[in-house]
Amino acid sequence: MSKNKTTWNRKVLQMSNKCDDLAASYWRGEASSREQGYELWLKEVKKVSHFIDVFVKKDSNVDL
(Lines give C-alpha, C1' and ligand atoms only; values in the text may rest on other atoms or scores of the structure.)
Protein backbone atom coordinates (compact mmCIF):
# COMPACT_ATOMS: atom_id res chain seq x y z
CA MET A 1 0.00 0.00 0.00
CA SER A 2 1.32 3.43 -0.85
CA LYS A 3 2.19 5.97 1.79
CA ASN A 4 -0.64 8.26 0.65
CA LYS A 5 -3.24 5.52 1.00
CA THR A 6 -1.92 4.58 4.43
CA THR A 7 -2.06 8.21 5.56
CA TRP A 8 -5.54 8.53 4.07
CA ASN A 9 -6.73 5.38 5.87
CA ARG A 10 -5.43 6.71 9.19
CA LYS A 11 -7.13 10.05 8.65
CA VAL A 12 -10.46 8.42 7.78
CA LEU A 13 -10.15 6.19 10.84
CA GLN A 14 -9.48 9.19 13.10
CA MET A 15 -12.41 11.10 11.62
CA SER A 16 -14.68 8.06 11.97
CA ASN A 17 -13.65 7.59 15.58
CA LYS A 18 -14.56 11.20 16.26
CA CYS A 19 -18.00 10.53 14.74
CA ASP A 20 -18.36 7.49 16.99
CA ASP A 21 -17.43 9.54 20.04
CA LEU A 22 -19.95 12.23 19.12
CA ALA A 23 -22.67 9.59 18.62
CA ALA A 24 -21.89 8.07 22.01
CA SER A 25 -22.05 11.46 23.71
CA TYR A 26 -25.36 12.11 21.95
CA TRP A 27 -26.89 9.01 23.51
CA ARG A 28 -25.37 9.76 26.93
CA GLY A 29 -26.60 13.34 26.87
CA GLU A 30 -29.82 14.71 28.24
CA ALA A 31 -32.82 15.19 26.00
CA SER A 32 -32.41 18.96 26.06
CA SER A 33 -28.92 18.79 24.53
CA ARG A 34 -29.59 16.06 21.99
CA GLU A 35 -30.38 18.41 19.12
CA GLN A 36 -27.01 20.14 19.54
CA GLY A 37 -25.28 16.75 19.81
CA TYR A 38 -26.98 15.60 16.64
CA GLU A 39 -25.89 18.74 14.77
CA LEU A 40 -22.28 18.25 15.86
CA TRP A 41 -22.38 14.59 14.79
CA LEU A 42 -23.97 15.40 11.43
CA LYS A 43 -21.41 18.12 10.72
CA GLU A 44 -18.56 15.69 11.39
CA VAL A 45 -20.14 12.96 9.26
CA LYS A 46 -20.45 15.43 6.39
CA LYS A 47 -16.75 16.31 6.79
CA VAL A 48 -15.80 12.64 6.56
CA SER A 49 -18.02 12.14 3.54
CA HIS A 50 -16.56 15.16 1.76
CA PHE A 51 -13.00 14.06 2.59
CA ILE A 52 -13.66 10.63 1.09
CA ASP A 53 -15.39 12.06 -1.99
CA VAL A 54 -12.48 14.39 -2.73
CA PHE A 55 -9.97 11.58 -2.36
CA VAL A 56 -11.95 9.21 -4.58
CA LYS A 57 -12.33 11.86 -7.28
CA LYS A 58 -8.63 12.66 -7.12
CA ASP A 59 -7.72 8.98 -7.24
CA SER A 60 -10.05 8.27 -10.17
CA ASN A 61 -8.58 11.19 -12.14
CA VAL A 62 -5.13 9.66 -11.78
CA ASP A 63 -6.36 6.38 -13.28
CA LEU A 64 -7.51 8.15 -16.43
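Modeller: Here you go. Lys47 and Glu44 both sit in helix 2, three residues apart, which is about one turn of the helix. Helices here are DSSP runs (H or I, at least four residues), numbered from the N terminus.

Biologist: What do the side chains of Lys47 and Glu44 form?

Modeller: A salt bridge, at 3.5 Å from N to O. That term means a side-chain nitrogen of Lys or Arg within 4 Å of a carboxyl oxygen of Asp or Glu.

Biologist: How many salt bridges does that rule give?

Modeller: Two. Glu44 also pairs with Lys18, with the closest N and O atoms 3.7 Å apart. That pair links distant parts of the chain, 26 residues apart: Lys18 is in helix 1 (residues 3–28) and Glu44 in helix 2 (residues 34–63).

Biologist: And which residues end up in one network?

Modeller: Lys18, Glu44 and Lys47, joined by salt bridges that share partners.

Biologist: Switching topic: is Glu44 buried or exposed?

Modeller: Buried, at 7% relative accessibility. Buried means under 20% relative accessible area, exposed over 50%, and partly exposed in between (1.4 Å probe, protein chains only). Lys18 is partly exposed at 42%, and Lys47 is partly exposed at 41%.

Biologist: What should I know about the model itself?

Modeller: It's predicted, so local features need pLDDT of at least 70 and side-chain atom pairs count only at pLDDT 80 or more, while totals for chains, interfaces and linings use all residues. Residues are numbered from 1 along each chain as its sequence is written, and side-chain values use heavy atoms, with hydrogens and water left out.

Definitions and conventions
Helices (H or I, at least four residues) and strands (E, at least two) are DSSP runs, numbered from the N terminus.
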